[in-house]
Amino acid sequence: MQDQYRTVARAGVHETEVNRSRFLCALAPAAGEREAQEFIAAVRKEHADATHNCWAYVIGADASTQKASDDGEPGGTAGVPMLQMLLRRDMRYAVAVVTRYYGGVKLGAGGLIRAYGGAVGEALDTLGTITRRRFRLATVTVDHGRAGKVQNDLRATGREVRDVRYGEEVAIEIALPDADVAAFRAWLADATAGTARFEPGGEAYGDA
């Protein structure tokens with residue numbers, strides 16, 4: 001798995017105009033293909049009267065899934081340049097839909113490629129991107145007497161506390177970079193006089 005990836009900071013729309021044609025680029029983060037396809041369908045429904053709704057998405061931290069559509073524009077002039085812009089900007093788990101309202105002036109193949117790719121690039125600049133890092137999920141189990149201090153110390157040192165469950169003991173779910181696991185175990189043993197238990201779990205991505 002990749003240690004980190006970049007994606008769209010938030011869903012949004014950015015509009016540009018090229019030779020009287022309107023280009024609306026809708027961007028969104030997408031956790032998987034289904035989410036990307038649902039976003040595309042929603043944009044197509046919203047702009048059913050548009051001349052074209054071209055799209056592209058990249059799924060997977062390693063960009064394992066890449067798809068694009070020209071939606072009636074000449075082959076390779078819309079979806080591919082959109083996809084190439086996403087990849088050039090190192091976008092992952094991201095979907096883009098560029099809606100075109102034809103303004104009466106033909107742009108030619110080169111003009112279309114610049115317009116569609118440029119719409120995605122400008123939208124990324126406007127909406128922003130974020131880096132997400134791979135984290136190791138783990139559960140720290142401590143007695144009630146130490147739980148409050150451990151939670152405060154975790155938050156004070158910037159650790160992500162994902163969940164806290166109270167039972168006979170307190171189970172605190174955290175996420176930390178793999179490289180920090182050994183140092184964290186040592187810190188935890190010291191902070192709780194060796195009474196806490198550390199159970200590593202799976203992996204997940206979170207904001208860097």
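Visitor: Which strands does helix α2 lie across?

Guide: In this predicted model, α2 lies across β3, β4 (52-59), β5 and β6. The helix runs at about 35° to β4. Helix α3 also packs on the sheet, where it touches β2, β3, β4 and β6. The direction of α3 makes about 50° with that of β3.

Visitor: What makes α2 and α3 a packed pair, and at what angle do they pack?

Guide: Helix α2 covers residues 79-88 and helix α3 covers residues 108-127. Their axes are 8 Å apart, and the angle between the helices is about 35°. The crossing of α2 and α3 is right-handed.

Visitor: Which residues of α2 and α3 meet?

Guide: A contact requires heavy atoms within 4.5 Å. From α2 come Pro 81, Met 82, Met 85 and Leu 86. From α3 come Ile 113, Tyr 116, Gly 117, Val 120 and Gly 121. By class, this contact has 7 nonpolar, 2 polar and no charged residues.

Visitor: What is the order of the strands in the open sheet?

Guide: The 5 strands are ordered β2-β3-β6-β4-β5, and their pairing is antiparallel.

Visitor: Why are β2 and β5 called edge strands?

Guide: β2 (12-18) and β5 (65-69) each have a single partner strand, so one side of each is left without a neighbour in the sheet. From one strand to the next, the twist averages 15°.

Visitor: How do you know that β3 and β6 pair?

Guide: Pairing needs at least two bridges between the strands. β3 (residues 21-29) and β6 (residues 94-101) are joined by 8 bridges and run antiparallel, so they meet the condition. Within this pair, Pro 29 stands opposite Ala 94 in β6.

Visitor: How many bridges join β2 to β3?

Guide: There are 7 bridges, and these strands run antiparallel. Against a requirement of at least two, β2 and β3 therefore count as paired. Glu 17 stands opposite Arg 22 in β3. The two strands form a hairpin with 2 residues between them. Asn 19, in the turn, has a positive phi of about 50°.

Visitor: Why is Asp 71 called partly exposed?

Guide: Buried means under 20% relative accessible area and exposed means over 50%. Asp 71 has 25% relative accessibility, so it counts as partly exposed.

Visitor: How is the chain divided into domains?

Guide: Domain 1 takes in 4-127 and domain 2 takes in 132-207. The C-alpha centres of the two domains lie 40 Å apart.

Visitor: What makes β8 and β9 a pair?

Guide: At least two bridges are needed. β8 (residues 160-166) and β9 (residues 170-176) have 6 bridges in the antiparallel sense, so the pairing holds. They form a hairpin with 3 residues between them. Arg 165 stands opposite Ala 171 in β9.

Visitor: What is Arg 162 in contact with, beyond its neighbours within four places in sequence?

Guide: Arg 162 is in contact with Leu 137, Glu 173, Ile 174 and Ala 175. Arg 162 and Leu 137 are 25 residues apart along the chain, and their C-alpha atoms are separated by 9.1 Å.

Definitions and conventions: Residues numbered from 1 in each chain as written. Predicted model: local features only at pLDDT ≥ 70, side-chain atom pairs only at ≥ 80, totals over all residues. Heavy atoms only, no water. Axes fitted to C-alpha atoms, helices over the stretch in contact; angles between N-to-C directions. Helix = DSSP H or I, 4+ residues; strand = E, 2+ residues; numbered from the N terminus. Left-handed = near helix turned anticlockwise from the far one by under 90°. Nonpolar A, V, L, I, M, F, W, Y, C, P; charged D, E, K, R; others polar. Domains from an automatic or database assignment. Buried < 20%, exposed > 50% of the residue type's maximum accessible area, 1.4 Å probe, protein only.
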